[in-house]
Amino acid sequence: MKRPSGWHLMLAPMALLFALPLLWLLVSSVMSNAEINRFPPALIPSHIDLGGYRYVLGNALFPRWFVNSMIVSAVAVTANLVFGTLGGYAFARIRFTGSKVVLGLMLATMVIPFQLTMIPTFLVMKSLGLIDTLGALIIPSLVTPLAVFLFRQFFVSLPRELEEAAWIDGCGRLRILVSIVLPLARPALSTVAVLTFLSTWNDLTWPLIAINSDSNYTLQLGLTTFQGQHHTQWAAVTAGNVITVLPVLLGFLLAQKAFIRSLASTGLKG
């Protein structure tokens, strides 16, 4: 077992400090409204009260919002993994006229604020008849420049000899990508999946613009409305936030090692 170093002694208090808001959210979610509103506030609940969770899951559209968020996030993650690997592999291994220019233009879109593309995106979704549907949330997130860039950087770091041997054996590019490259790209796949899931799951601005019906709300949008309508039900609000944070936290913990390996291995190799 590895002995703790001086870095652990410094990082442990910092980790505890960053975890305090989450711990307080978890504790307050099992308090009653009276205990939450008490001044000074109670730090430890006198008893476990699950009334907030029952209120959220039984008397609101919260389960529907949760399903909507899962559908949008799952489709966005899957599409970014598929299209991101194809685009990243093309930029890393295929030399075509203007490839560097196209790559530069694509990366330049990453610095464009969402506020500048918000209206054009809305008009496109409106012309397609997708406003107030989950499709309006899914289509703009099908592939992102960040996913293509991360895959491109990872594929560039792989030795070409692995692919050349398969190429000599008669394998096509698509088979090489699926059979040889992707099994080695698990860190990059995990990183793109986590980043896409986080950005899609936590997105509030675009659903606020594109969705009107409360039955099509995502979890973030629904929770914001729920807080505005039931501001006195603090136990329900905190319980809803716990349910919202839990998938994100579990996803990051499961992919943490692969996430760190990917960031360490890709770098900025051109």
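In which helix does Val82 lie? Val82 lies in helix α4, and this report on a predicted model returns to that helix under several of the headings below.

## Overall make-up

The predicted model contains 15 helices and zero strands. Of the 270 residues in the protein, 36% are buried. The protein exposes about 15800 Å², and carbon and sulfur atoms supply 71% of that area.

Among the contacts in the protein between residues at least 6 apart in sequence, 75% join residues that are at least 24 apart.

## The nonpolar surface patch

On the surface, Val82, Phe83, Leu86, Val143, Leu174 and Val178 form a nonpolar patch, and together these residues have about 520 Å² of accessible area. Helices α4 and α10, the latter spanning residues 173–184, each supply at least two residues of this patch, and the largest share, three residues, comes from α4.

Val82, one of the members of the nonpolar patch, has a relative accessible area of 42% and is therefore classed as partly exposed.

## The positive surface patch

A patch of positive charge is also found on the surface, where Arg95, Lys100, Arg160 and Arg173 gather. Of these residues, Arg95 is placed in the loop between α4 (62–93) and α5 (99–108). With a relative accessible area of 57%, Arg95 is exposed.

## The salt bridge

The count of salt bridges comes to one, and the pair concerned is Glu163 and Arg93, whose side chains meet with an N to O distance of 2.8 Å. Because Glu163 lies in helix α9 (residues 160–168) and Arg93 in helix α4, the pair ties together parts that are 70 residues apart in sequence.

Are the two partners buried or exposed? Glu163 is buried, with a relative accessible area of 9%, and Arg93 is likewise buried, with a relative accessible area of 8%.

Ala193 lies in helix α11, which covers residues 186–201. When its neighbours within four places in sequence are left aside, Ala193 is in contact with Val77 and Leu81. Ala193 and Phe252 are 59 residues apart in sequence, and their C-alpha atoms are 9.8 Å apart in space.

Glu35 has its place in helix α2, which is made up of residues 33–37. This residue counts as buried, since its relative accessibility is 3%, and the cut-off for that class is under 20% relative accessible area. Not counting residues up to four places away in sequence, Glu35 touches Ala42, Pro45 and Ser46.

## A backbone feature at Asp132

Most residues other than glycine have a negative phi. Asp132 is placed in the loop between α6 (114–127) and α7 (135–138).

## Features involving helix α4

Taken together, several of the features described above involve helix α4. The loop between α4 and α5 holds Arg95, which belongs to the positively charged patch.

Definitions and conventions:
Residues are numbered from 1 along each chain as its sequence is written. This is a predicted model: local features need pLDDT of at least 70, side-chain atom pairs count only at pLDDT 80 or more; totals for chains, interfaces and linings use all residues. Side-chain values use heavy atoms; hydrogens and water are left out. Patches are made of residues with over 30% relative accessible area and no salt bridge: like charges are joined within 9 Å, nonpolar side chains (Val, Leu, Ile, Met, Phe, Trp, Tyr) within 5 Å. Accessible areas come from the Shrake-Rupley method with a 1.4 Å probe; for residues, only the protein chains shown count as cover. A salt bridge is a side-chain nitrogen of Lys or Arg within 4 Å of a carboxyl oxygen of Asp or Glu. Lys and Arg count as positive and Asp and Glu as negative; His and the chain ends are not counted. The place of a charge is taken as NZ of Lys, CZ of Arg, CG of Asp or CD of Glu. Helices (H or I, at least four residues) and strands (E, at least two) are DSSP runs, numbered from the N terminus. Buried means under 20% relative accessible area, exposed over 50%, partly exposed in between (1.4 Å probe, protein chains only). Contact means heavy atoms within 4.5 Å.
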